[in-house]
Amino acid sequence: MLSCPQCGAPAQSALPGLPLVTCTSCNALLMVDGDNIRNVGDSGRMPFDVSPLQMGTRLTVEGQRGEIVGRERWAWDNGSWNEWLLDFGGGKIAWVAEEAGYYMIMSAIQPRADVLKKLSDLGGQAWGVLGETVQVDKVRYTVSDVKKVSCVASEGHLPEPIGADFPRRSLDLRSKDGRALTWQRDAHGSGVWAGRYYRLAELQPAGLRQFDGWSMPRYAGAR
Ligand SMILES: [Zn+2]
């Protein structure tokens, strides 16, 4: 069994496509390669929150069942939010961002070079880009937000070494029909993510968190 090189506690093996795990005992961010495990940073301390999602929650997106295996908590000047890592197996993942009772599910896309350049130009600017539009695969998106964010803490299985205080630039765009596009740039490179909002019930959730003062919706019982 693997153990944390910083504190000696048992550590989890890596999942396909997700070489990072966090130590539940000392919060070390660990890079796992087979039997080789090394400490690559501090994952930070996850603050208390009241999300119905948790590690092990299962969700169905467009007919595919996945399980939440990781989480990053991000913050900006006016607040913070969770991004849950949904693992479909075999290295296929999506991120689930929680926003006011809705769940935005985002998967990586590879836009054309000219689209990527436009997103990168807009994302690099500090202001003056709200309302600009970008067309991606017949969908017209409008810039709704551009900001600097930083990771508060991460936990579980992760694709990249992102822990406490990790900075990122992000540009958010929305379409009129509820679709979302995000461009991000950080020390690991840049990427574009596309998806849309869902209600929790649409995702056929199982294994939701239960806590006092919040009753489990009826649809959440089924697997
Ligand atoms: Zn440890």
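The following legends describe close-up views of a single protein chain in a predicted model.

**Figure 1. Overall fold of the chain.** The secondary structure of this predicted model consists of 1 helix and 13 strands. Read along the sequence, these elements follow the order β-β-β-β-β-β-β-β-α-β-β-β-β-β. The radius of gyration is 18 Å, close to the 17 Å that the globule rule gives for 223 residues, so the chain is as compact as a globular protein of that length. Along its principal axes, the C-alpha trace spans about 50 × 40 × 35 Å. Of the 223 residues, 31% count as buried. Among the contacts with a separation of 6 or more, 49% are made by residues 24 or more positions apart.

Figure 2. Strand β1 (residues 20-22) runs antiparallel to strand β2 (residues 28-33), and 3 bridges join them. The hairpin of β2 and β3 has 2 residues between its strands, and Gly34 in the turn has a positive phi of about 65 degrees.

Figure 3. Strand β7 (residues 92-99) and strand β8 (residues 102-109) pair in the antiparallel sense over 5 bridges. The bridge partner of Val96 in β8 is Ile105. In the hairpin of β7 and β8, 2 residues lie between the strands, and Ala100 takes a positive phi near 45 degrees. Strand β8 also runs antiparallel to strand β13 (residues 189-199), to which 8 bridges join it. In that pairing, Ile109 has Val192 of β13 as its bridge partner.

**Figure 4. The largest nonpolar core.** In soluble globular proteins, nonpolar side chains tend to be buried together. The largest nonpolar core of this chain has 48 residues, and those with the most contacts inside it are Leu30, Leu85, Leu86, Ala94, Val96 and Met106. Strand β10 supplies the largest share of this core, 7 residues. Leaving aside residues up to four places away in sequence, Val96 touches Glu83, Trp84, Leu86, Tyr103 and Ile105.

**Figure 5. Asp145 in strand β10.** Asp145 is found in strand β10 (residues 139-158). A residue counts as buried with 20 or more C-beta neighbours within 10 Å and as exposed with 12 or fewer. Asp145 has 13 such neighbours inside 10 Å and therefore counts as partly exposed. Asp145 and Ser120 are 25 residues apart along the chain, and their C-alpha atoms are separated by 14 Å.

**Figure 6. Asn78 in the loop between β5 and β6.** Asn78 lies in the loop between β5 (64-76) and β6 (79-89). Because Asn78 has 6 C-beta neighbours inside 10 Å, this residue counts as exposed. Asn78 and Gly34 are 44 residues apart in sequence, and the distance between them in space is 40 Å, C-alpha to C-alpha. Gly34 is the turn residue with a positive phi in the hairpin of β2 and β3.

Technical notes
Residues numbered from 1 in each chain as written. Predicted model: local features only at pLDDT ≥ 70, side-chain atom pairs only at ≥ 80, totals over all residues. Helix = DSSP H or I, 4+ residues; strand = E, 2+ residues; numbered from the N terminus. Rg over C-alpha atoms; globule rule 2.2 N^0.38 Å. Contact = placed C-beta atoms within 7 Å. Pairing = 2+ DSSP bridges. Core = buried A, V, L, I, M, F, W, Y, C linked by C-beta atoms within 7 Å.
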